[in-house]
Amino acid sequence: MGSYFGKSVDENFKRNQEFMLQLQRLQLERQIHMRNQIRERKLALQIAKYREFFYWVGTFYVLAAGSTIFAFQRTKKPAVLTALLPLTFIVLYQGDLAYGNKLQRINSEAENILQFEEHLLHLPLGLPNFDSIEEGRQEQQDEESLTKAHDIFL
């Protein structure tokens, strides 16, 4: 009778483990989907910000270009037109970022870095571990106690 009871407990334990594993897997999948949706929404918001900024930069560029061309017509000095050169690059860059494929090129470059230049992504001194964190916490605590003791004697 004891071995029957032991088998039943073992079977229940294994079924419970499988059930818990399925629940963890489901929870992980939901977290992945949730984080991806949040990432997509943040990216959409960022693209909207780029586009809104492009409207402002474009408006400024049109006004600046009009006044610069008007000034050139009055003075006939080509040096007046040099202000349009950097503004043109800024507007073109912002337009590419807002409506072009700049974000796709950035993503492609990021994928290349992840695949072929992984060494650039390593943290200095490696990943923090419990011991290094605890050591830093202890040093800060010791420094605070020394500061308090120093203030008492002053």
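Is D131 buried or exposed in this model? D131 is exposed, with a relative accessible area of 57%; buried means under 20%, exposed over 50%, and partly exposed in between, for a 1.4 Å probe and protein chains only. The model is predicted, so local features need pLDDT of at least 70 and side-chain atom pairs count only at pLDDT 80 or more, while totals for chains, interfaces and linings use all residues. Residues are numbered from 1 along each chain as its sequence is written, and side-chain values use heavy atoms, with hydrogens and water left out.

**View 1. A negative surface patch that includes D131.** The patch is formed by D131, E135, E139, D142, E143 and E144. Patches are made of residues with over 30% relative accessible area and no salt bridge, with like charges joined within 9 Å and nonpolar side chains (Val, Leu, Ile, Met, Phe, Trp, Tyr) within 5 Å. Asp and Glu count as negative and Lys and Arg as positive, while His and the chain ends are not counted. The place of a charge is taken as NZ of Lys, CZ of Arg, CG of Asp or CD of Glu. D131 lies in helix α4; helices are DSSP runs (H or I) of at least four residues and strands are runs (E) of at least two, numbered from the N terminus.

**View 2. The salt bridge between E134 and R137.** A salt bridge is a side-chain nitrogen of Lys or Arg within 4 Å of a carboxyl oxygen of Asp or Glu. Here the N to O distance is 2.4 Å. Both residues belong to helix α4 (residues 130–153) and stand three residues apart, about one turn of the helix. E134 is partly exposed at 24% relative accessibility, and R137 is partly exposed at 40%.

**View 3. The salt bridge between D96 and R105.** The closest N and O atoms of this pair are 2.4 Å apart. R105 is partly exposed, its relative accessible area being 40%. By the rule used, the count is two salt bridges. Side chains of opposite charge can pair when their charged atoms come close.

**View 4. A nonpolar surface patch of F19, M20 and L23.** Together these residues have about 280 Å² of accessible area, as given by the Shrake-Rupley method with a 1.4 Å probe, where for residues only the protein chains shown count as cover. F19 is in helix α1 (residues 2–75) and is partly exposed at 46%.

View 5. Most residues other than glycine have a negative phi.

**View 6. The spans annotated as "transmembrane region".** The unreviewed UniProt entry places this annotation on residues 53–73 and 79–99; positions are given in the numbering used here, feature names are shortened, and annotations may be inferred rather than shown by experiment. Residues 53–73 are 100% helix and 0% strand, with end C-alpha atoms 30 Å apart. Residues 79–99 are 76% helix and 0% strand, with end C-alpha atoms 31 Å apart. L63 is in helix α1 and is exposed at 60%.
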